[in-house]
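Student: I would like to learn how to read a structural model feature by feature, with the general idea set out before each case. Could we work through it together?

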Amino acid sequence: MKTPVKVRNLPHEQWVEAYQGYYVSNMGRWYSERTEKVLKQEPNSSGYYRVSLWVDGKQVRAFTHIKVVELFGDCNGTRIPENNGTLRELHLSIDHLNRDKRNNRQSNLELVSHRENCARKYKIFNFKEAKNYGKRKQN
């Protein structure tokens, strides 16, 4: 797709139609053709950003990080295998490399095994915990 109307693109931003009339960019932004605006995203209870869309009269809630990897690939160009089941069924996860669930840029997302994602999360958690071990909490 060409640059959406009335949208200031980020450097190297590309857009692809994700659903009829709705576009997602490799920078993790959503655009509505009907309203000609970038859509607001809301975090779910786990902190992952998603957007609510109306497709064929039904509400669809799409996770941004999943749609970006599905349509653009991850930071290595690896895409989610098509029509082979969900990420959970494939034992895959999408890792946010900088641990920030709000950063859904293609360059920050990597498709990894669920085991690898858990190991990375555990490693970061233990590092942060070890770094603060024995320190008093500031009030």
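Student: Which residue forms a salt bridge with Lys-67, and how far apart are the closest N and O atoms?

Tutor: Side chains of opposite charge can pair when their charged atoms come close. The term salt bridge is used here for a side-chain nitrogen of Lys or Arg within 4 Å of a carboxyl oxygen of Asp or Glu. Lys-67 forms one with Glu-70, the closest N and O atoms being 2.9 Å apart. As this is a predicted model, local features need pLDDT of at least 70 and side-chain atom pairs count only at pLDDT 80 or more, whereas totals for chains, interfaces and linings use all residues. Residues are numbered from 1 along each chain as its sequence is written, and side-chain values use heavy atoms, with hydrogens and water left out.

Student: Where do Lys-67 and Glu-70 lie?

Tutor: An α-helix has 3.6 residues a turn, so residues three or four places apart point the same way. Lys-67 and Glu-70 are both in helix H1, 3 residues apart, which is about one turn of the helix; helices (H or I, at least four residues) and strands (E, at least two) are DSSP runs, numbered from the N terminus.

Student: Is Lys-67 buried or exposed?

Tutor: Buried means under 20% relative accessible area, exposed over 50% and partly exposed in between, with a 1.4 Å probe and protein chains only. Lys-67 has a relative accessible area of 11% and is therefore buried, whereas Glu-70, at 32%, counts as partly exposed. The buried residues of H1 are Thr-64, His-65, Lys-67, Val-68, Val-69 and Phe-72, and the helix is followed by Gly-73, whose phi is positive, near 95 degrees.

Student: Which residue forms a salt bridge with Asp-95?

Tutor: Arg-120 does, with the closest N and O atoms 2.7 Å apart. Because Arg-120 lies in helix H2 (residues 114-131) and Asp-95 in strand E8 (residues 92-96), the pair ties together parts that are 25 residues apart in sequence. Asp-95 is buried, with a relative accessible area of 2%, while Arg-120, at 22%, counts as partly exposed. The side chain of Arg-120 also meets that of Glu-116 in a salt bridge (2.8 Å, N to O), and these two residues, 4 apart in helix H2, are separated by about one helical turn. Salt bridges that share partners join Asp-95, Arg-99, Glu-110, Glu-116 and Arg-120 into one network, and the count of salt bridges comes to 8.

Student: Which residues touch the most other members of the largest nonpolar core?

Tutor: A nonpolar core is a set of buried Ala, Val, Leu, Ile, Met, Phe, Trp, Tyr and Cys residues joined through side-chain atoms within 4.5 Å. The largest has 16 residues, of which Val-24, Trp-30, Leu-53, Ile-80 and Ile-94 touch the most other members. Strand E2 (22-25), strand E6 (49-55), helix H1 (64-72) and strand E9 (109-113) each supply at least two residues of this core. Contact means heavy atoms within 4.5 Å, and, leaving aside neighbours within four places in sequence, the contacts of Ile-94 include His-65, Ile-66, Val-69 and Ile-80. Ile-66 lies in helix H1 and is partly exposed, with a relative accessible area of 27%.

Student: In what order do the strands of the open sheet run, and which strands stand at the edges?

Tutor: Two strands pair if DSSP finds at least two bridges between them. Here 3 strands form an open sheet in the order E5-E6-E7, with antiparallel pairing. Strand E5 (42-43) and strand E7 (58-63) stand at the edges, each with a single partner strand, so one side of each is left without a neighbour in the sheet. H1 packs on this sheet, touching E6 and E7, and its direction makes about 75 degrees with that of E7; axes are lines fitted to C-alpha atoms, for helices over the stretch in contact, and angles run from 0 to 180 degrees between N-to-C directions. E5 and E6 pair over 2 bridges, and Pro-43 stands opposite Tyr-49 in E6.

Student: How many bridges join E1 and E2?

Tutor: Strand E1 (residues 15-19) pairs with E2 in the antiparallel sense over 4 bridges, and Val-16 stands opposite Val-24 in E2. Their hairpin has 2 residues between the strands, and Gly-21 takes a positive phi near 85 degrees there.
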